[in-house]
Amino acid sequence: MNAFLYAMALQWKLDIRSKTLLITCYIVPLLFFAFMGSIFTSILPDAKNTLIQSMTVFGVTMGALIGLPPSLVEIYGGSVQNVYKANGVPISIGVILTNCSAFIHLFTMGSILFVAAPIIFGAQLPANPWMHFIILALLIGVSLSVASVIGLLVKDPSKTAMFSIIVFLPSVILSGIMFSNTLLPNAFQVIGMLFPATWGYRLMTEEVFRFENLLPLFLIWAAAAFLCALLLKRADMRR
């Protein structure tokens, strides 16, 4: 318990110093919402029907894929993991704490969008708000698991940013939040199905819940969790 509390305190200090977390989880998603929301609702009045969902998926995807990996690199690519070892802290605690912290920030950001969109742009609220937040929590969890793989796999900060962007851009472009992905060639539609953002957006916007849209998220999460376990085991053997 003492080791866990020590790790929590250390992670809290890292979060306070992290400008990346503030920028990717709050500033950029909310600025994007303010800018693109006004454009979407001016050009396409029907965009109000899915504005909350599209802006939420963008914010979650950016906060997870761009914001989380640098925090993991700071822990597992530097001296923090040696501090963990010296104090008897399990090596997996860094992933757990950073994911929990990012989850709270991203869920807060999603809640802000949920409240602000109807007030500022007259966006339509989801038919089932409770289901919206359940899917939001699931999307955040799966997106963070994918981001954790990037952070654990790529230890060089410059390369981490590159890999994060490589995954982030197709996640946003091919997910359907900017335009219907049915307009894309079949090959790009298939590629889009590899990313959590696509399935999260489908679940958030569909009128009738479909399990076949939920299953891919669990499969992506299971694959990412398995890879994280392997990478953590390898890191533990090296320290």
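**Aromatic pairs**

I looked up ring pairs in this predicted model and found 6 aromatic pairs. I took rings of Phe, Tyr and Trp (its six-membered ring) as paired if their centres lie within 6.5 Å, with planes under 30 degrees apart called stacked, over 60 edge-to-face and the rest tilted. F58 and F168 make an edge-to-face pair, 5.9 Å centre to centre with 65° between the planes. This pair links distant parts of the chain, since F58 lies in helix 3 and F168 in helix 7, 110 residues apart. Helices here are DSSP runs (H or I, at least four residues), numbered from the N terminus.

I then checked accessibility, calling a residue buried under 20% relative accessible area, exposed over 50% and partly exposed in between (1.4 Å probe, protein chains only). F58 is buried at 7%, and F168 is buried at 10%. The pair F107 and F133 is tilted because the ring centres are 5.7 Å apart and the planes stand at 45°. F107 is in helix 5 and F133 in helix 6, 26 residues apart, and this pair too links distant parts of the chain. F107 has a relative accessibility of 27%, so I noted F107 as partly exposed. F103, F107, F114 and F133 form one aromatic cluster.

I number residues from 1 along each chain as its sequence is written, and side-chain values use heavy atoms, with hydrogens and water left out. As the model is predicted, local features need pLDDT of at least 70 and side-chain atom pairs count only at pLDDT 80 or more, while totals for chains, interfaces and linings use all residues.

**A137**

I found A137 in helix 6. A137 is partly exposed, because its relative accessibility is 24%. Leaving aside neighbours within four places in sequence, A137 is in contact (heavy atoms within 4.5 Å) with F103 and F107. A137 and V60 are 77 residues apart in sequence, and their C-alpha atoms are 9.8 Å apart.

**W199, R202 and L215**

The charged end of R202 sits over the ring of W199, 4.7 Å from the ring centre. For this I required NZ of Lys or CZ of Arg within 6 Å of the ring centre and within 35 degrees of the ring normal. L215 is in helix 10 and is partly exposed at 37% relative accessibility.

**Nonpolar core**

Which residues touch the most other members of the largest nonpolar core? They are F33 and Y76, in a core of 61 residues. I used the term for buried Ala, Val, Leu, Ile, Met, Phe, Trp, Tyr and Cys residues joined through side-chain atoms within 4.5 Å. Helix 3 gives the largest share of this core, 13 residues. Beyond its neighbours within four places in sequence, F33 has contacts that include L51, M55, L113 and F121.

**Cavities**

I counted 4 cavities of 30 Å³ or more. On a 1 Å grid over the protein atoms alone, a cavity is a set of points where a 1.4 Å probe fits but cannot get out, and lining residues have an atom within 4 Å of a point. Grid points are joined across faces, edges and corners, and a volume is the space filled by probe spheres set on the points. The largest cavity has a volume of about 60 Å³. T61, L65, S143, V146, V167, S171, P196 and A197 line the largest cavity. Helix 3, helix 6, helix 7 and helix 9 each give two or more residues to that lining.

Methods: On a 1 Å grid over the protein atoms alone, a cavity is a set of points where a 1.4 Å probe fits but cannot get out, and a pocket is an open set with protein on both sides within 12 Å along at least five of seven lines; lining residues have an atom within 4 Å of a point.
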